[in-house]
Amino acid sequence: MPEVSESIEVDAPAEQVWAALTDWVAQGRWILATDVRPVVGPARGVGGHLVAVTGVPLPGGRRLGVVDTMEITRWEPPTRCDVLHTGRVVRGTGTFEIRPDGGRSTFVWSEQVEPPLGAVGRLGWPLAEPVVRAAYRASLRRFAEFARTYRLE
């Protein structure tokens, strides 16, 4: 299973980065072309369920794209959240890790996801990987600014 892992320094303490990261509905403000929402309740713990849709925006605020359903499998505020991707297209695991460093933090986003379309997806992964990594890096740059200015409630 291919793994993508990217990180970025954030000029904010871990608690603030954690709050920004786990504001699921706000993830669409920093993850490219993606909207995220909890399925039931706030999804702030093991067993919480999320759904993300990555794709093109439609009128009315919805998206046409890939649906990614997830279950939170590890919840360790303010340093780690693991998810299990349970959808038809997106299957595998993901980890959000925050490494505190005084008043700053390093945010590491890792995914191990089976490429869709079976053998065709696995063969195409070397072509898709640079595009996927570029999208992660762009999203992380957006996240660093989002988290830096995020206000704790």
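Trainee: In which strand is the place of Gly92, and is Gly92 buried or exposed?

Mentor: Gly92 has its place in strand β6, where strands (E, at least two residues) and helices (H or I, at least four) are DSSP runs numbered from the N terminus. Buried means under 20% relative accessible area, exposed over 50%, and partly exposed in between, with a 1.4 Å probe and protein chains only; Gly92 counts as buried because its relative accessibility is 10%. This is a predicted model, in which local features need pLDDT of at least 70 and side-chain atom pairs count only at pLDDT 80 or more, while totals for chains, interfaces and linings use all residues. Residues are numbered from 1 along each chain as its sequence is written, and side-chain values use heavy atoms, with hydrogens and water left out.

Trainee: Which residues does Gly92 touch, not counting residues up to four places away in sequence?

Mentor: Contact means heavy atoms within 4.5 Å, and on that basis Gly92 touches Met1, Val83, Leu84, His85, Gln112 and Val113. Of these, Gln112 is 20 residues apart from Gly92 in sequence, yet the two lie 5.5 Å apart in space, C-alpha to C-alpha.

Trainee: How many residues has the largest nonpolar core?

Mentor: In soluble globular proteins, nonpolar side chains tend to be buried together. A nonpolar core is a set of buried Ala, Val, Leu, Ile, Met, Phe, Trp, Tyr and Cys residues joined through side-chain atoms within 4.5 Å, and the largest one here has 35 residues, with Ile72, Trp109 and Phe143 among those that have the most contacts inside it. Helix α2 supplies the largest share of this core, 7 residues.

Trainee: At what angle do helix α1 and helix α2 pack?

Mentor: Axes are lines fitted to C-alpha atoms, for helices over the stretch in contact, and angles run from 0 to 180 degrees between N-to-C directions. Helix α1 (residues 14–21) and helix α2 (residues 119–148) pack at about 115 degrees, with their axes 9 Å apart, and the contact is made by Gln16, Val17, Ala20 and Leu21 of α1 together with Phe143, Phe146, Ala147 and Arg148 of α2.

Trainee: What kind of aromatic pair do Phe143 and Phe146 form?

Mentor: Rings of Phe, Tyr and Trp (its six-membered ring) pair if their centres lie within 6.5 Å, and planes under 30 degrees apart count as stacked, over 60 as edge-to-face and the rest as tilted. Phe143 and Phe146 form a tilted pair, 6.5 Å centre to centre with 45 degrees between the planes, and both residues are buried. Because they are 3 residues apart in helix α2, Phe143 and Phe146 are separated by about one helical turn.
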